[in-house]
Every structure is written in structure tokens, then in C-alpha cells.
Amino acid sequence: MISSSPSAVAVSAEQLGKVAGATLATAVVAGAATAVYARYYELTNFTVRHEALPVLPAGTPDFRILHISDMHMIPGQRTKRDFIHSLAALEPNLVINTGDNLSHMSGLPALMDALDPLFDFPGVYVPGSNCYFAPGKKNPFRYLVGPSKKPESEKVATLPTQEMHDAFDNRGWVDLINRYETLSIDGLRLEFSGVDDPHIGYDKHPGFAPTAFDTEPAPLVRLGVAHAPYLRTLNRFVADGAQAIFAGHTHGGQVCLPGGRALVSNCDLPPARAKGLSYQGGVPVHVSAGLGTSRYAQVRLFCPPEAIVVTLTSR
């Protein structure tokens, strides 16, 4: 028969307490370190990602698209501004901006300063909700149960939307706000179907002209462009005949598990497709993780901000 003395029991309890205390301290330190990393390092760890899409007619030269999205500009973001300036060295054939450009009522001068070198290249754009409405404070855990709600305009400050779009237009970029448009760039005929932000129900699909340019001598590619990649939007682009689709909105999940696995997409797109290349009905869909965050949620984890060079190649 084995018995334990009171002192032995006391020692065991004391040891367990020390282990528990050490574990809790380690967890607190690890959590604090993760928060600092997410707030002060990864938030400005800007990257350039490269993708290739074989969608051009055979024999067509490669065509480089710089895809930028979700800049959420705030006055004073010099690191972001310098990174966006550096993207001009990539010399894209076309810039596609998929919206959510502002995160502050006074952010337009900072945005135009950041984009200044990119206006030297042909560009197209669509807006997101944060091109219309200033962001508000939200419980971040709300995103785990579904997409964010459409803002009530009478309760949320509006942004200088028209002034921003006029500035884009004056620098030569083409709006695709519920519009069909064509551009000829470097020998390639591009046909666009663009929509206003599906996340707030502003989208009205213009479709593509069925045969208008099929007999043109220049090679042709048809692109769908939207801010939020809702499945209804992707399916409509596919049905209309898009050969590739560009979107943003998701922030790639923004706070992800190790390896970049997203927990949310802030729309009905599966989180596994919240960043990068996937397919809808056989059509490539390219979703950007974006360059910024809401001014009230300035943190990223295992999901660095990005710009993407998408090279269209021949089939």
C-alpha cells in the first residue's frame, strides 16, 4: 500500500501551479508577439505576386496586367505610397484597380499621390464600398458569421467618390462602372465588362458585345472586372463569355492561419478562394489580397499586402 504525505501533495500542487503559470506567461508573450508582428511588420510587408493566365489567341505576345486593389488610403501612409510608386518599374501594359481606394475622408490627396506614376500606363477601374462610404468601427469577430452589411448612408460619412473618379478619368483611366468598354493596347484588343460593387448591391451587368469585334484583325480577350467576387457575379461573367475575371474585396482573409489559410472572404466565395487564382465554370478568377485594411482594423496575419502582375499568355 502506497501513501502520500501532506508535504508531497503540497509539492505536487506547487509544481503544477508553476507549470500552469509558465504556460500562461508563454501564451501571453506569444500572443503579444503575434499582435506586434501583425500590426507593425506584416501590415507593411508589401509583396509583388506573379501569375500567368493562358487566355490569349495563339501566337499573341505576352500582355502584363498590374492588378491593384483595396488600398484603403489614409493620410501619412508613406511606406505604402513608396511601394505603389515602385510598381511603375514593372512597366505593365495595363493597370486594373478593383476598388476600396479610401479609408479616410481626407485620403484622396494621399491616394492620388501614391498612384501618380501608375497613371502613365493605361488603366481601368471599378469602385468598392469604401470608395463610397467611410469605414466604421466594427467587431472583427462579426466577419466569422457572414459578410459585412451594406452601410446605412445616413449614418456613415460619404467619401469624395465623384471627385476621385473625375481625377482618375482626367489622368486617362477608364471607368467600368456597370459599363462595357473596349481598349486597344499594344496590339491587343481588350473587351471589358465591369460592374459597380456587388457587396452593396450596386452591380448591373452590361455583358459583352456578342460579335462586335470577332472579325477585327487584332487579337481579342474578354475580361470581367468587379470589386467583390460574389458567386452570382462570377457566374454572370462566365455566362457572358469572359475569359478571365479580376476582383478584390476579400483582403485574402486578412487574418489567416499559418500558411495563409483564410477563415473568411467577406462574401459567399469560399474562404479557400479568398486570394489568388481559382476557376469558376472553367474561367480563371483572380482575387487580390489587397494593399491595405480599414483604418479601424490595421492588422494582417499570414496574409501580406500585395500587388499582382498577371501575365496573359497565349493558349
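Visitor: Leaving aside neighbours within four places in sequence, which residues is Ser129 in contact with?

Guide: Ser129 is in contact with Asp100, Asp197, His199, Ile200 and His227, once its neighbours within four places in sequence are left aside. Contact here means heavy atoms within 4.5 Å. This is a predicted model, in which local features need pLDDT of at least 70 and side-chain atom pairs count only at pLDDT 80 or more, while totals for chains, interfaces and linings use all residues. Residues are numbered from 1 along each chain as its sequence is written, and side-chain values use heavy atoms, with hydrogens and water left out.

Visitor: Where is the place of Ser129, and does it count as buried or exposed?

Guide: Ser129 lies in the loop between strand 4 and helix 4. Helices (H or I, at least four residues) and strands (E, at least two) are DSSP runs, numbered from the N terminus. Ser129 counts as buried because its relative accessibility is 11%. Buried is under 20% relative accessible area, exposed is over 50%, and partly exposed is in between (1.4 Å probe, protein chains only).

Visitor: What share of the chain's residues count as buried?

Guide: Of its 315 residues, 51% count as buried.

Visitor: Turning to helix 4, how do the axes of helix 3 and helix 4 cross?

Guide: The axes of helix 3 (residues 108–115) and helix 4 (residues 161–170) cross at roughly 20° and come within 11 Å. Helix 3 is therefore roughly parallel to helix 4. Angles under 35 degrees count as roughly parallel, over 145 as roughly antiparallel, 65 to 115 as roughly perpendicular and the rest as oblique.

Visitor: Which residues make the contact?

Guide: Helix 3 contributes Leu108, Leu111, Met112 and Leu115, and helix 4 contributes Glu163, Met164, Ala167 and Phe168.

Visitor: On to the sheet: in what order do the six strands stand?

Guide: The order is 1-12-2-3-4-5, in an open sheet with mixed pairing. Strand 1 (47–56) and strand 5 (174–175) are at the edges with a single partner strand each, so one side of each has no neighbour in the sheet. Two strands pair if DSSP finds at least two bridges between them.

Visitor: In which sense do strand 4 and strand 5 pair?

Guide: Strand 4 (residues 123–125) and strand 5 pair in the parallel sense over two bridges. Val174 in strand 5 is the bridge partner of Val124.

Visitor: And how many bridges join strand 10 to strand 11?

Guide: Strand 10 (residues 276–280) and strand 11 (residues 283–287) run antiparallel and are joined by five bridges. They form a hairpin with two residues between them, and Gly281 in the turn has a positive phi of about 55°.

Terms used. Axes fitted to C-alpha atoms, helices over the stretch in contact; angles between N-to-C directions.
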